[in-house]
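Here is a short briefing on one protein chain. Look at the structure first, then read the points below.

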Amino acid sequence: MSLEQIIFLIGFSFAHVFFPGHPTPLLLATGGMTRRNAWKFTGGMAIAHGVLDALALGVGQFFLKMLTSAWPAGKFIITNLDIPILTILGIFLLCEAFRRSDENSGAAAKLMNPKRPFLAGAAIGFIPGPDTIGYAMVGGALGMHGLAHALTASSVVFIGTALGFCSVTAVTGFFPTIIKSPKLGPAICMVTAVLCFASVGYRTWNTWHDWV
């Protein structure tokens, strides 16, 4: 794997934790738990979701090979699907950034206190989301060759995902007032939208350069 691919994977894996529709709101609810339970909950979620995304990425290249063997002309389209997907996601995030935040999030956080936080986090973490399919496509688009590349990329995805979850819990511990701020959700959406558009610009430039 190239350094560029590693940076992209760990950055995307870290950032996708904050995507709307992801279990992030539940993770933010760790502000209503004790510190010990919060980290147990985070550990379960980070491990489960990290493994799920890593597996999706690992099988992505094999999925792409099977698909392109049946549709050789579609390889260019398939390997560049991330461009329209990230564009749509960026627009969605931008719209979400200007929507009114959920007024009941604080009350939900106070109610979130499972008896077995690690298992609760793991159960939630194993729920696949739209990003899971995205990882499968990214795995194929990277053009990984051999088991070693697949294992390296999957490990990078696992580390990035785990760091994303842990960073949220760390922030709730050091700055508990942040999770109560109605500006948090819109800010996360705005930053992630900028990352999406930056990635689209970079990928589009590279694709155009290769095509020309």
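Helix α1 buries Leu 9, Phe 12, Ser 13 and Ala 15. Buried means under 20% relative accessible area, exposed over 50%, and partly exposed in between, with a 1.4 Å probe and protein chains only. The model is predicted: local features need pLDDT of at least 70, side-chain atom pairs count only at pLDDT 80 or more, and totals for chains, interfaces and linings use all residues. Residues are numbered from 1 along each chain as its sequence is written, and side-chain values use heavy atoms, leaving out hydrogens and water.

**Helix α1**
- Seen down the axis of α1, the buried residues fall within an arc of 165°, so they line one face of the helix. The arc is that of the directions from the helix axis to the C-beta atoms.
- Leu 3 and Ile 7 are exposed, on the face turned away from the buried side of α1.

**Nonpolar cores**
- A nonpolar core is a set of buried Ala, Val, Leu, Ile, Met, Phe, Trp, Tyr and Cys residues joined through side-chain atoms within 4.5 Å.
- The largest one has 18 residues; Leu 9, Leu 57, Leu 86, Leu 93 and Tyr 135 touch the most other members.
- Helix α5 gives the most to this core, with five residues.
- Another core, of 12 residues, lies apart from it and includes Val 17, Ala 38, Met 45 and Ile 124.

**Whole chain**
- The chain has 10 helices and zero strands. Helices (H or I, at least four residues) and strands (E, at least two) are DSSP runs, numbered from the N terminus.
- Of the 212 residues in the chain, 42% are buried.
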